[in-house]
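User: Please take a close look at one helix pair in this model and at what surrounds the pair. A plain account will do.

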Amino acid sequence: MEKKSIRLIKWYQKNLSGNKHFVCRHKPSCSNYALGCYERFSFPKATFLTAKRILTCNPLFKPKYDPVPEKKTKESK
């Protein structure tokens with residue numbers, strides 16, 4: 001499912017994103033953020049993070065730098 005999502009996002013970036021006259025409010029753009037999430041996390045977590053990000057892409061929220069979170073790893077003692 002992650003691979004299909006990645007292909008869909010890349011298709012969007014190539015065919016639709018460049019045709020719009022507005023710029024994403026956040027850095028990196030929402031599509032780049034989603035791409036990073038699907039490459040780094042499982043499908044459910046990436047979908048949650050992407051949806052949360054897209055919901056903040058409106059005039060009620062201030063533009064901000066919001067990178068993809070690092071994947072948490074278990075540290076052995």
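In which sense, left-handed or right-handed, does α2 pass α3?

Analyst: This is a predicted model, in which local features need pLDDT of at least 70 and side-chain atom pairs count only at pLDDT 80 or more, while totals for chains, interfaces and linings use all residues. Residues are numbered from 1 along each chain as its sequence is written, and side-chain values use heavy atoms, with hydrogens and water left out.

The crossing of α2 with α3 is right-handed; that term applies if the near helix is turned clockwise from the far one by less than a right angle, and left-handed applies if anticlockwise. Helices here are DSSP runs of H or I with at least four residues, numbered from the N terminus. Helix α2 covers residues 30-40 and helix α3 residues 43-55, and their axes come within 8 Å and cross at roughly 165°. The two helices are therefore roughly antiparallel, a label for angles over 145 degrees. The axes are lines fitted to C-alpha atoms over the stretch in contact, with angles from 0 to 180 degrees between N-to-C directions.

On the α2 side, the contact uses C30, Y33, A34, C37 and Y38; on the α3 side, F43, A46, T47, L49, T50 and R53. Contact means heavy atoms within 4.5 Å. By type, these residues are 8 nonpolar, 2 polar and 1 charged, where Ala, Val, Leu, Ile, Met, Phe, Trp, Tyr, Cys and Pro count as nonpolar, Asp, Glu, Lys and Arg as charged, and the others, Gly among them, as polar.

Several of these residues also belong to the largest nonpolar core, which has 11 residues, including Y33, A34, C37, Y38, A46 and L49. Such a core is a set of buried Ala, Val, Leu, Ile, Met, Phe, Trp, Tyr and Cys residues joined through side-chain atoms within 4.5 Å. The elements giving two or more residues to this core are α1, α2 and α3, and α2 gives the most, with 5. Leaving aside residues up to four places away in sequence, A34 touches I9 and T50.

R53 lies in α3 and is buried at a relative accessible area of 2%; buried means under 20%, with a 1.4 Å probe and protein chains only. Beyond four places in sequence, R53 touches H26, K27, P28, S29, C30, Y33 and D66. Two of those partners, K27 and P28, are joined by a cis peptide bond with omega near -10°, and P28 sits in the loop between α1 and α2. Most peptide bonds are trans.

Key:
Angles under 35 degrees count as roughly parallel, over 145 as roughly antiparallel, 65 to 115 as roughly perpendicular and the rest as oblique. Buried means under 20% relative accessible area, exposed over 50%, partly exposed in between (1.4 Å probe, protein chains only).
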